[in-house]
Amino acid sequence: MIVHPIKPLFNRESEILILGSFPSVKSREEGFFYGHPQNRFWRVMARICDVPVPKNIEEKTNLILKNRFALWDVIHSCEIEGSADSTIKNVVPNDLSIILDTAKIKKILVNGKKAESLYKKYLEKQTGIKAVCLPSTSPANASWSEDRLAAYWKEKMEI
């Protein structure tokens, strides 16, 4: 079992919670979300917020918090081979009340189909909030260009 090593990123002003499935090997090593340079998450978020692409953890943190987002993952711990979502087994979900009891969350977005299925299975009843599934920013989702991802994500972020 691997335990999620990254704390949730949010503050009292956060309105949109973005959930991934579980951090990649690279993200676990870096100790922060979407650490693999091939993942398009930070480039997409920078486009949506009309800011330069953040280069370090401090800039990434500021991008999320200044724009009233919250960031975490569905899974607290699991068995996983490398970074492949398809190998995830024995899931223990995160307790989202840490965020939901503090922040003003109005919408929950999930980054990819695996995050969506896990959210529906483990967390939707607890939160009472239906999540909106967004196409994954993973490089494995090659059918979505970065332009298309950014446009679709921005559209779905409307509160």
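1. F41 and W42 are both buried. In this predicted model, the two residues form an edge-to-face aromatic pair, with 4.9 Å between the ring centres and 90 degrees between the planes. F41 also forms an edge-to-face pair with W153, here at 5.9 Å centre to centre and 75 degrees between the planes. This second pair links distant parts of the chain, since F41 belongs to helix α2 and W153 to helix α7 (residues 146-156), 112 residues apart.

2. How buried are the two partners of that link? F41 has a relative accessibility of 1% and therefore counts as buried. W153 has a relative accessible area of 0%, so it is buried as well.

3. The structure holds six aromatic pairs in total. Ring pairs join F32, F33, Y34, F41, W42 and W153 into a cluster. Y34 is not a glycine, yet its phi is positive, at about 50 degrees. Y34 is located in the loop between α1 (25-30) and α2 (41-49). Because its relative accessibility is 12%, below the 20% limit, Y34 counts as buried.

4. A positive phi is also found at D50, about 55 degrees, and this residue is likewise not a glycine. D50 sits in the loop between α2 and α3 (57-66). Its relative accessible area is 70%, over the 50% limit, so D50 is exposed.

5. Strand β3 (residues 69-73) is largely enclosed by the rest of the structure, because five of its five residues are buried. Which residues point which way? F69, L71 and D73 point one way from the strand, while A70 and W72 point the other way. The buried set thus includes the charged residue D73. β3 pairs with β2 in the parallel sense, over five bridges. Within this pairing, I18 stands opposite L71 of β3.

6. In helix α5 (residues 113-122), the buried residues are A115, E116, L118 and Y119. An α-helix has 3.6 residues a turn, so residues three or four places apart point the same way. The elements that cover the buried residues of α5 include the strands β2 (16-20), β4 (75-79), β5 (89-93), β6 (107-111) and β7 (132-134), together with the helix α6 (124-127).

7. The largest pocket holds about 550 Å³ of space. Its lining comprises 29 residues, and those nearest the centre are S21, N39, D85, S136 and S138. Two elements, α5 and β7, each give two or more residues to this lining. The largest share, three residues, comes from α5. What is the class composition of the lining of the largest pocket? There are 15 polar, 10 nonpolar and four charged residues.

8. The second largest pocket contains about 160 Å³ of space. It is lined by V51, P52, V53, P54, E59, N62, L63, K66 and N67. By class, this lining has five nonpolar, two polar and two charged residues.

Terms used:
Residues are numbered from 1 along each chain as its sequence is written. This is a predicted model: local features need pLDDT of at least 70, side-chain atom pairs count only at pLDDT 80 or more; totals for chains, interfaces and linings use all residues. Side-chain values use heavy atoms; hydrogens and water are left out. Buried means under 20% relative accessible area, exposed over 50%, partly exposed in between (1.4 Å probe, protein chains only). Helices (H or I, at least four residues) and strands (E, at least two) are DSSP runs, numbered from the N terminus. Contact means heavy atoms within 4.5 Å. On a 1 Å grid over the protein atoms alone, a cavity is a set of points where a 1.4 Å probe fits but cannot get out, and a pocket is an open set with protein on both sides within 12 Å along at least five of seven lines; lining residues have an atom within 4 Å of a point. Grid points are joined across faces, edges and corners, and a volume is the space filled by probe spheres set on the points. Two strands pair if DSSP finds at least two bridges between them. Rings of Phe, Tyr and Trp (its six-membered ring) pair if their centres lie within 6.5 Å; planes under 30 degrees apart count as stacked, over 60 as edge-to-face and the rest as tilted.
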